[in-house]
Amino acid sequence: MAVPALGNAPKTAEGAKQLYDEWAASYDASLKSWGYRAPQRVAEELASAGLPAESELLDLGCGTGMSGEALSAVSARLIGADISPESLEVARSKEIYSETHVANLDLALPMAVSYTHLTLPTKRIV
């Protein structure tokens, strides 16, 4: 499934917001048609690295929640942040995030975040 706007969108926060807002309704179908498996592979790597089941994960750039769907199997709580309000609406409809926030990742996050560092073995997963 081709997405012509990918090559034409301005490489700015506003350009990203517009691109993903317009693409939100068909984003999952597009990526699935390309055989995109990164979310599942990341979840598998986190599980094999021993991510504690009670872990809370922050999904930056969560978009429509494709990664969240896979990550929900390996974490107790997910928080999603994305620049696209339309994508976040799709993500919220999946009911996998405890919280979602509109966020420009070039700026400070709009919510308090604490974290614990998890070191993963060096391995190519893509």
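1. A nonpolar surface patch of about 560 Å² is formed by L58, L60, L105, L109, V113 and Y115. Patch residues have over 30% relative accessible area and no salt bridge, with nonpolar side chains (Val, Leu, Ile, Met, Phe, Trp, Tyr) joined within 5 Å; a salt bridge places a side-chain nitrogen of Lys or Arg within 4 Å of a carboxyl oxygen of Asp or Glu. Areas follow the Shrake-Rupley method with a 1.4 Å probe.

2. The model is predicted: local features need pLDDT of at least 70 and side-chain atom pairs pLDDT 80 or more, while totals for chains, interfaces and linings use all residues. Numbering starts from 1 along each chain, and side-chain values use heavy atoms, without hydrogens or water.

3. Y115 lies in the segment after β3 (99–102). Its relative accessibility is 72%, so Y115 counts as exposed (exposed is over 50%, buried under 20%, partly exposed in between). Of the chain's 126 residues, 35% count as buried.

4. Five helices and three strands make up the elements of the chain, in the order α-α-α-β-α-β-α-β from the N terminus. These are DSSP runs (H or I, at least four residues; E, at least two).

5. The second largest pocket has a volume of about 390 Å³, the space filled by probe spheres set on its grid points. A pocket is an open set of points on a 1 Å grid where a 1.4 Å probe fits, with protein on both sides within 12 Å along at least five of seven lines; lining residues have an atom within 4 Å of a point.

6. Of the 22 residues lining the second largest pocket, L60, G61, C62, G63 and D82 lie nearest its centre. The largest share of this lining, five residues, comes from α2.

Notes. Patch = residues over 30% accessible without salt bridge, like charges linked within 9 Å, V, L, I, M, F, W, Y side chains within 5 Å. Buried < 20%, exposed > 50% of the residue type's maximum accessible area, 1.4 Å probe, protein only.
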